[in-house]
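Please look over the structure below with care, and keep it in view while reading the report that follows.

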Protein chains: 2
Amino acid sequence: MQNSTSVFKLSIIGFGAVGQGVAKVVQNVPQLKVVAIADSKGVALMPDLEDVLARKRAGQPIANSDLTALDVIRTVEHDVVVEVTPTNIDDGEPGLTHVREALKNKRNVVTSNKGPLVAAFSELTHLARTQGVALRYEATVGGAMPIINLIRDTLAGARVLGIRGVLNGTCNYILTRMAEEALDYDQVLSEAQDMGIAEADPTYDVTGIDTACKVVILANAFFDRNATFADVNVTGIDRITQDALQLARQRGFVVKLIGDVQELTVSPKLIPLRHPLNVSGTLNAASILTDTAGEITVAGKGAGSIETASAILSDILSIMRSRD
Amino acid sequence: MQNSTSVFKLSIIGFGAVGQGVAKVVQNVPQLKVVAIADSKGVALMPDLEDVLARKRAGQPIANSDLTALDVIRTVEHDVVVEVTPTNIDDGEPGLTHVREALKNKRNVVTSNKGPLVAAFSELTHLARTQGVALRYEATVGGAMPIINLIRDTLAGARVLGIRGVLNGTCNYILTRMAEEALDYDQVLSEAQDMGIAEADPTYDVTGIDTACKVVILANAFFDRNATFADVNVTGIDRITQDALQLARQRGFVVKLIGDVQELTVSPKLIPLRHPLNVSGTLNAASILTDTAGEITVAGKGAGSIETASAILSDILSIMRSRD
């Protein structure tokens, strides 16, 4: 980066919590320039970031052009499309079209959107390769907790034999409070909803769908599985009883919703109290079993707009560095 | 790496447990060629790795030349000097001279030896920069637990505000068993010595010296401190009482020997039972507090010849990639 004096141009496609987080964190990096922001209502070209963030907070429109998100991706000259529209696991849209068009137009893509990767991982990674651009997605798994780039870069000397993770903060929060305060599932879920930790409709989290999407992404990235959501055997936490948790605790275990990437399973599993995967609250954690480095566990905040934006920024910087 | 067809040439300077581990792990990477191995008795040029490993195991000499380690570093054409002689914290030698001469001869250096970095961090990093070569030292802190490259590469998008770590497996093993089995320090130390987890002379570990060296390296690498060992305020675990551990436990804490990089301190500290730094046995762990990614904790095996060699290999591969 020190060698680079040229500016790296970005678009931000999707301007919810994560997109706004990206707009905040990129302001700290002088070499980055946001040339367009698209929200569901329209496109702001050459936006003043402080101004669009203030407009968004005030519920005012940010659009200053007649372009659509796809127009930006196809026609505005820039280096990286930051695709941060909401995850849609049915068909991956609109993210899938955004990512595909960006790659076709030889733009690098950084995304936090699991939808396109769960729907069309092989197609998209193949397209990126043939177009000679990067497709990076650290933020899709574990928020600020590094895992994809950790394995790819930092653990490059070791072969990955397995990955198991606590990959959903909502589930982990519910299980932690149930175990530690002997509360029932419904009561903790309801409080988590009041606190904004669980969604009004918590299905996507508590039935294990979100974790399964992350398992698919990791399996495709590191085990060449070409898996989709349908390949994952999924059991959520919505039928966990207080009895089960107490029995586990008496025997020196906690119950965690574990995504097992090698097995392509998501289910509540017993984890020894002393194991580093036993993280509490909304934390995420992943254990990477390797041939030569043993088991490496990483833990961090799995959600949050700034935290997710931080993972996106690390991907953007990595692309910048590889270009220098 | 896929693009590289040329061979990357290494020397291994020091052929104890870690050096032998390096000889084992590099055999899995066809692009790497070991052109010389030096042990305390002499130098093997163009060694057959299986043969020198077998000779070492049998207590036979490996040398097949009249060269010294310094001759190899200065005169044999190669890309990376892997400096893995034992750590000497008094003056850093002989590692310091090895590293300095390697850099002067424009060879990249990868090391697990804390001595040179604690004695002369600024000189060596400056020399590497002016010579246009890499000096990498992931293996000096935390063995296979990634921390230096994790911060430098994977967390590049965030600013590091602080680093705290459980950085010595011997101390962590002793504290874990004292706390969980209500055993006294002397008893656990003696058993750890029998098991080979603690050295016959455990001073370097239990008085906190080893942890302090790691704190110095991290402080210099990430906080521009230009610190040496004398700048660290060090308290070991050798006066910890059973009472202190039990009192902590009753209040929901464990006692861990914590290296605090920002503070330049090493001392036993209270860590909440639920905190990810609460790892047990010989595990190491480090928590990295950042501005945007929150607190990231990583845990893994802090020692072991193959584990340390794995960290060295990741550094070598990183240098190879940046050359491509």
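## Salt bridges and polar contacts between the chains

In this predicted model, two salt bridges are counted between chain A and chain B, a salt bridge being a side-chain nitrogen of Lys or Arg within 4 Å of a carboxyl oxygen of Asp or Glu. In one salt bridge, A:Glu180 pairs with B:Arg274, and the closest N and O atoms are 2.0 Å apart. Side chains of opposite charge can pair when their charged atoms come close.

Between chain A and chain B there are also nine residue pairs in polar contact, both residues at pLDDT 80 or more; a polar contact is a pair of N or O atoms within 3.5 Å, where within protein one must be able to donate a hydrogen and the other to accept it, and residues adjacent in sequence count only if both atoms are side-chain atoms. On the side of chain A that touches chain B, the elements that give two or more residues are α6 (148-154), α7 (169-181), β12 (295-301) and α12 (305-323) of chain A. These names follow DSSP runs, numbered from the N terminus, with helices being H or I of at least four residues and strands being E of at least two.

## The area of contact

Chain A and chain B each bring residues to the contact, 37 from chain A and 37 from chain B, where contact means heavy atoms within 4.5 Å. The area buried between chain A and chain B is about 2700 Å², and carbon and sulfur atoms give 56% of it; buried area is the accessible area, found with a 1.4 Å probe, that two parts lose on being put together, summed over both. Of the area that chain A buries against chain B, 22% is supplied by A:Thr154, A:Arg274 and A:Thr292, more than by any other three residues.

## A sheet that runs through both chains

Twelve strands form an open sheet with mixed pairing, in the order β8(A)-β10(A)-β9(A)-β7(A)-β11(A)-β12(A)-β12(B)-β11(B)-β7(B)-β9(B)-β10(B)-β8(B), and two strands pair if DSSP finds at least two bridges between them. At the edges stand β8 of chain A and β8 of chain B, each with a single partner strand, so one side of each is left without a neighbour in the sheet. Where the chains meet in the sheet, three bridges join β12(A) to β12(B), and these strands run antiparallel; A:Val298 has B:Val298 as its bridge partner.

Within chain B, strand β9 (residues 253-260) is joined to β10(B) by eight bridges in an antiparallel arrangement, with B:Val255 partnered by B:Leu270. β9(B) and β10(B) form a hairpin with four residues between them, and B:Leu264 in the turn has a positive phi of about 55 degrees. By contrast, β8(B) and β10(B) run parallel and are joined by two bridges, and B:Val234 stands opposite B:Val266. In chain A, eight bridges likewise join β9(A) to β10(A), which run antiparallel, and A:Val255 stands opposite A:Leu270.

## Chain A as a whole

Chain A has twelve helices and twelve strands. Its radius of gyration is 20 Å, close to the 20 Å that the globule rule gives for 324 residues, so chain A is as compact as a globular protein of that length; the radius is taken over C-alpha atoms, and the rule is 2.2 Å times the number of residues to the power 0.38.

Residues are numbered from 1 along each chain as its sequence is written, and chains are lettered from A in the order in which they are written. Local features need pLDDT of at least 70, side-chain atom pairs count only at pLDDT 80 or more, and totals for chains, interfaces and linings use all residues, while side-chain values use heavy atoms, with hydrogens and water left out.
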